[in-house]
Amino acid sequence: MPIISVCSPKGGVGKTTLVANLAYAFSKSGTKVVVIDFDPQNATRLYFGVSLTDERGIVTIPNKDWISSCINVDRNLYMLPFGKSNKEQRAIFDEALKQPNYFKEVQSSLFDNPDILVIADFAPGYTQALDSIATVSNLQIVPLLADAASVSLFSQLLSGGLMDGLVGGGLGYYIVLNQIDNRIKLNREVQNFALTNFKDNLLGMVHKDTNVTEAAGQQVSVYDYNKNSAAAFDMEVIAKKVAQILGFDVKKGTMIINPLRKPN
Amino acid sequence: MKKFLLTAFLLLVAAPIVTLVVIAPMSAHNQFIFGITMIIACIVASVCSKKHFISFCILVVTVISSTRYMFFRLTQTLEFPSLIDMIFGYLLLAAEIYVYIVLLLSFFQLSWSLKRKIVPLPSDESKWPTVDVYIPTYNEPLQVVRDTVLAAQCLEYPKDKLKIYLLDDGKRKEFAAFATEANVGYITRTNNFHAKAGNLNHAMTLTNGELIAIFDCDHITTKIFLQSTVGEFIKDKRLALMQTPHHFYSPDPIQRNLYLGRDIPPENDLFYGPIQRGNDNWNATFFCGSCAVIRRSALDEIGGFAVETVTEDAHTALRLQRRGWKTAFLDHILSGGLATERLIDHLAQRNRWARGMVQIFRLDNPLLGKGLSLAQRLCYLSATTYFFFAIPTIIFLLTPLLYLLFGISIVHGSVELLLSYALPHLVLSVFSNSRLYGNYRYSFWGQIYDIVLSFHLVLPTVVTLFMPHHGSFNVTDKGQTVEKSYFDVHSVKPHLIVSFLLLLAIVFSLVKLCLPNYFDMQVGPTALNIFWASFNLILLIAAICVGRETANKRKTQRIFLEVPVNVYQASGACTRTVLRDLSMSGCRVDSFDGPTSNFNEDPITDLEINSDITSLCVNVQQIADMHKDPNYLHFSFVNVDLDTRREFVRLLFSRADTWVRPNYKKDNPLVSFFTILCCIKDSLFGKRRTDDIHVAVVGAKNE
Ligand SMILES: Nc1ncnc2c1ncn2[C@@H]1O[C@H](COP(=O)(O)OP(=O)(O)OP(=O)(O)O)[C@@H](O)[C@H]1O
Ligand SMILES: [Mg+2]
């Protein structure tokens with residue numbers, strides 16, 4: 001099954017949010033999903049109800065078979081936290097990742113399993129993990145914020161240089177525009193800019209929606225927190241598109257969130 | 001050869017037989033049998049087949065029976081005991097001859113109708129002509145004009161080939177400001193010579209598009225208007241005009257005050273369907289002032305829009321056709337407008353049309369002059385003489401009074417004989433009209449429309465007939481609403497008086513009939529006249545009901561539209577739900593529950609519509625709903641800027657499928673008459689609707 005990396009040159013743009021909610025969307029529609037956190041912040045686990053005191057993680061077992069330490073979060077949904085780490089541990093981890101074909105050889109049991117969809121979360125910017133996974137990753141998703149600052153990022157991404165070699169592998173990279181807010185004119189303009197420049201490489205847009213933060217606070221998916229959330233719907237649509245791009249069938253595209261609900 | 005044989009057959013065989021059938025005298029008994037045979041034959045034929053050929057045969061039989069009746073009237077009924085009887089007798093005869101001629105003309109006009117198809121534009125955009133869109137306005141409120149302009153901007157046509165102009169004859173500052181803000185051209189002038197025609201002609205000197213599309217200031221176009229109409233101009237270089245139907249999305253006074261929500265075809269359906277399609281078949285479609293495209297070079301040739309009459313539209317078309325230009329009618333509803341709101345406005349509008357048509361009849365008579373084919377002359381004759389219907393209508397209304405009140409007998413001969421000729425004529429003409437265009441106008445409604453207008457049209461038509469240069473252009477009021485229900489006594493005063501007289505005559509005669517010892521009444525003629533008077537009375541009362549103006553509070557139209565929307569709350573929560581209906585001023589969406597559904601604490605501030613047609617975001621304010629239905633949330637829009645408003649127009653009015661003519665049930669004359677009785681009953685005694693009666697539109701399904 002494919003590997004999706006969610007990365008971005010910038011921090012706080014919604015990588016972890018997207019990873020968590022994509023994972024929920026896929027697992028709910030019957031796909032086995034493993035989420036791997038490569039970010040030393042070790043925060044992804046918080047989206048999956050893993051307790052704060054649980055400090056296990058892949059950072060301490062770079063050369064072991066990770067699959068044995070997967071935490072089962074939900075039916076079909078597993079997670080590998082980064083783990084609590086110090087500087088030396090991270091250095092050793094990065095060193096291990098540097099081995100050529102690290103993912104292909106060492107973690108083959110996980111990455112070659114045809115029944116599992118892997119979604120990897122990364123720290124912002126360049127990291128060794130991102131560099132190493134590029135050899136096996138099928139699809140890269142780059143969330144960006146729909147704000148004025150992103151416009152310069154857009155052009156750097158388009159002209160190359162910023163994430164070269166990191167996001168080009170597999171089927172290439174796709175943009176998700178996060179925190180769109182149509183009440184704000186500038187925000188709309190950024191959306192139009194992204195639409196015209198990224199065209200088909202724009203995977204989708206996610207509304208700015210406090211349901212997202214509330215859900216994160218309660219350690220549940222946005223959909224579970226509020227099934228009417230606009231952001232939850234947007235992310236589900238993105239999941240459907242990802243499935244389509246990767247060519248696997250997610251229950252023939254039926255949505256958990258019915259786009260045209262009848263009043264009850 | 002085939003043609004020759006056909007002509008020979010018609011002349012040598014058919015003509016003598018028909019003549020014989022028409023003139024052969026018969027006794028009342030035989031004529032009854034003959035008439036009933038014809039009626040039954042037609043009904044059977046009609047039930048068995050919907051083919052055009054059968055319709056044509058039914059028409060031929062109808063014409064024969066009517067001609068037979070007219071021949072009988074002319075040869076056997078014109079003996080009068082006194083001068084008074086003679087005068088009235090000839091008046092009635094004249095009215096009947098008028099109706100007979102109109103029947104023949106309308107059969108000619110309607111029998112062969114052309115169902116024109118849209119000619120697609122060539123794929124090479126460089127071949128598309130440039131188009132100027134003119135939106136003339138004089139005194140209408142900006143509120144009415146605004147959406148028309150915004151809708152024109154939504155027209156799908158290459159940007160560099162489409163220019164939109166607001167032609168403001170009112171020289172209003174706010175219109176100029178609006179045009180600038182919306183980014184359309186604004187044209188005004190120093191005088192108001194020749195009203196609308198002058199306004200258009202003036203604009204023509206300032207713009208230079210190859211085609212000119214004209215929309216009255218309340219006719220909101222759909223985005224496909226140009227794509228549907230321009231293709232024909234490229235294909236046919238001699239085409240000067242493409243007219244499309246005027247469709248009204250607000251109820252006209254007759255719909256509002258008399259139909260009371262029933263599904264009955266509106267008055268103008270007959271004209272913008274069968275009649276114009278029939279005209280089109282003879283290349284005699286005429287311009288109706290709006291929702292049409294005209295070729296500039298053709299207009300240049302006749303010196304612009306005709307200014308001599310108050311119906312510049314029809315006259316312009318006539319002029320074009322005299323020059324050999326073609327005109328066409330496309331029976332697709334591509335725009336929607338506001339009907340005249342009140343009866344009094346309706347009367348004023350028809351008054352102008354009547355005067356204009358009579359002016360054309362006098363000043364540029366289609367029977368005379370160069371350049372027209374016989375068929376074209378007949379079609380234009382039918383149009384220009386149409387409004388003379390007022391006088392015959394009144395004659396028919398009043399005639400039974402003469403006998404019942406004054407004993408004046410104006411038709412010579414026995415009642416049996418008269419009935420044996422008249423009944424087939426009347427029954428068959430109702431029947432074949434119903435067959436010919438029953439889906440567009442139900443039986444007897446035409447008479448009601450005529451009666452509503454007739455008393456008000458006599459003077460204008462007669463005066464104009466003798467003084468064709470007299471009279472000015474009056475603009476029809478649009479976009480007002482009737483705030484409170486009231487009875488427009490003034491507009492139906494003549495109807496009230498005649499009704500009273502008819503009622504008096506009926507009662508008076510019934511009393512006389514019941515007391516044969518005191519009064520000497522002939523039962524046959526009296527009964528016949530009572531029946532006639534009662535029929536008139538019913539139609540008159542229906543016309544009077546139109547004067548009972550029902551309040552129409554809703555200012556904007558609402559349509560049912562099912563699209564997903566997102567609502568933003570003050571807290572920053574953004575929730576997805578479904579829009580159910582939408583108007584320019586507010587909307588209704590499905591309510592939702594969840595952690596954010598306490599709307600008092602966390603009010604909804606904005607609403608975002610995302611569909612394949614448009615995406616827009618607008619400030620909203622939740623409003624209380626009369627029905628208190630917890631399933632829905634109601635909003636009114638606040639601070640709608642022009643760009644947002646344009647998107648609303650795009651969503652509400654501009655879609656290709658915005659206007660669909662509803663499928664009306666097939667006409668049945670008896671049912672139709674019964675419906676009229678029901679309408680009258682509801683109008684007089686029923687619960688009158690005070691909420692909005694709007695013309696619902698088929699909602700576009702998204703996804
Ligand atoms: N669509 C959204 N609407 C509202 N808040 C959002 C949305 N997406 C993300 N957020 C909030 O923005 C913050 C940052 O999100 P998140 O942690 O997913 O970003 P990140 O890219 O993973 O950050 P980092 O670079 O630190 O890993 C979080 O508080 C999250 O709840
Ligand atoms: Mg993160």
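Q: In E14(B), which residue is the bridge partner of Leu582(B)?
A: Cys587(B). Strands (E, at least two residues) and helices (H or I, at least four) are DSSP runs numbered from the N terminus, and two strands pair if DSSP finds at least two bridges between them. This is a predicted model, in which local features need pLDDT of at least 70 and side-chain atom pairs count only at pLDDT 80 or more, while totals for chains, interfaces and linings use all residues; side-chain values use heavy atoms, without hydrogens and water. Residues are numbered from 1 along each chain as its sequence is written, with chains lettered from A and ligands numbered from 1 in the order in which they are written.

Q: How many bridges join E13(B) to E14(B)?
A: Three, and the strands run antiparallel. Their hairpin has two residues between them.

Q: And how many for E12(B) with E13(B)?
A: Nine, also in the antiparallel sense. Phe560(B), for one, has Asp581(B) as its bridge partner in E13(B). That hairpin has four residues between the strands, and Gly572(B) takes a positive phi near 105° there.

Q: Why is E13(B) called largely enclosed?
A: Because 10 of the 10 residues of E13(B) are buried. Buried means under 20% relative accessible area, with a 1.4 Å probe and protein chains only.

Q: Different spot. Is Ser335(B) buried or exposed?
A: Buried, at 1% relative accessibility. Ser335(B) lies in strand E9 (residues 335-336) of chain B.

Q: What is Ser335(B) in contact with?
A: Leaving aside neighbours within four places in sequence, its contacts (heavy atoms within 4.5 Å) include Phe215(B), His247(B), Cys291(B) and Trp659(B).

Q: On to the ligand. Which residues come nearest to ligand 1?
A: Gly12(A), Lys15(A), Thr16(A), Thr17(A) and His207(A), out of 19 around it; a residue is near if one of its heavy atoms lies within 4 Å.

Q: Which elements of chain A supply at least two residues of that shell?
A: Helix H1 (15-28), strand E7 (173-180), strand E8 (202-207) and helix H8 (210-217). H1(A) gives the largest share, three residues.

Q: Where does a backbone atom come up to an oxygen atom of ligand 1?
A: At Gly12(A), where a polar backbone atom is 2.7 Å from such an oxygen. Gly14(A) has a polar backbone atom 2.9 Å from an oxygen atom of ligand 1. A backbone N or O atom of His207(A) lies 2.9 Å from a nitrogen atom of ligand 1.

Q: How much of ligand 1 does the protein cover?
A: 81% of the 630 Å² of accessible area that ligand 1 has on its own, by the Shrake-Rupley method with a 1.4 Å probe.

Note on methods
A polar contact is a pair of N or O atoms within 3.5 Å; within protein, one must be able to donate a hydrogen and the other to accept it, and residues adjacent in sequence count only if both atoms are side-chain atoms. Buried means under 20% relative accessible area, exposed over 50%, partly exposed in between (1.4 Å probe, protein chains only).
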